[in-house]
Amino acid sequence: MCYMNSILQVLVFCVPFYEFLDQVGKRAAHSFKSETPLVDAMIMFMREFKIIDSAVTVEQLRLRLKDSELEQYGEPVIPEYVYDVIKRLPRFSSMRRGHQQDAEEFLGFLLEGLHDECVTVMRAIAPVGASGPTSPRNSITSPTSPGATTDNGWLEVGPKQKAAVTRSSGTIVTESPVTRIFGGKLRSELR
């Protein structure tokens, strides 16, 4: 499970993500039959790591803390509750205990799952007739060149001044706190 652990540890130290989970954890009641089991498991995992103090620099933090306040050896954390939730979700069916997996793929699945749960809750609490924040599609067909596309006003042109084909996948229809923190675009080129 080291590929999962590496991603979970990094996420805890992502300040916007930590603050999001902290705020949700303070405002939402925990339930074992929750509509958001993945969010709940991540909140439980986040709570395993206590904030001792904070400072702008490491040197300032060392001056503020006493040796007795620092843990020389912390207790190991085995987030079984995260593993239990993950193994119940169809998205993670290929990720089994003891098998080597890809950490980046796990991160993608985890963020998608968290996003889906957030969107479900947001739709449930949204007033009837109100539309949530949406993300407009940025790629539009250019009227000047057949098949050419513009991405935020830029014409994409391939080799020999030929219009390049731009494809978009995974368009986000409804934004969530997860997409606001981790959203972006990835562009790849096949040669």
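Tutor: Here is a close look at one helix, its surroundings and the confidence behind them.

This is a predicted model, with residues numbered from 1 along each chain as its sequence is written. Local features need pLDDT of at least 70, side-chain atom pairs count only at pLDDT 80 or more, totals for chains, interfaces and linings use all residues, and side-chain values use heavy atoms, with hydrogens and water left out.

Start with the setting. The chain has seven helices and three strands. Helices (H or I, at least four residues) and strands (E, at least two) are DSSP runs, numbered from the N terminus. Along the sequence the pattern is α-α-α-α-α-α-β-β-β-α.

Now helix α6, residues 103-125. α6 has 23 residues. From first C-alpha to last, α6 reaches 33 Å, close to the 33 Å expected at 1.5 Å a residue. That expected span is 1.5 Å times one less than the number of residues.

Which residues of α6 are buried? They are Phe106, Phe109, Leu110, Leu111, Gly113, Leu114, His115, Glu117, Cys118 and Val119. Buried means under 20% relative accessible area, with a 1.4 Å probe and protein chains only. An α-helix has 3.6 residues a turn, so residues three or four places apart point the same way. The cover over the buried residues of α6 includes α1 (2-12), α2 (15-27), α3, α5 (80-88) and α7.

Take α3, residues 37-47. α3 and α6 pack at about 115°, with axes 8 Å apart. That makes α3 roughly perpendicular to α6, a label for angles of 65 to 115 degrees. Axes are lines fitted to C-alpha atoms over the stretch in contact, and angles run from 0 to 180 degrees between N-to-C directions. On the α3 side, Pro37, Leu38, Val39 and Met42 meet Leu110, Gly113, Leu114 and Glu117 of α6. Contact means heavy atoms within 4.5 Å. By class, this contact has six nonpolar, one polar and one charged residues. Here Leu, Val, Met and Pro count as nonpolar, Glu as charged and Gly as polar.

α5 also buries side of its own: Tyr81, Val82, Tyr83, Val85 and Ile86 are its buried residues. Their cover includes α1, α3 and α6.

Finally, confidence. pLDDT is the predictor's confidence in each residue, from 0 to 100. The chain averages 75, and 67% of the residues score at least 70. Confidence is highest in α7 (residues 177-182), at 92, and lowest in strand β1 (residues 139-141), at a mean of 35. Over residues 131-151 the pLDDT is below 50. Where pLDDT is low, the predicted coordinates should not be read in detail.

Notes: Parallel < 35°, antiparallel > 145°, perpendicular 65-115°, else oblique. Buried < 20%, exposed > 50% of the residue type's maximum accessible area, 1.4 Å probe, protein only.
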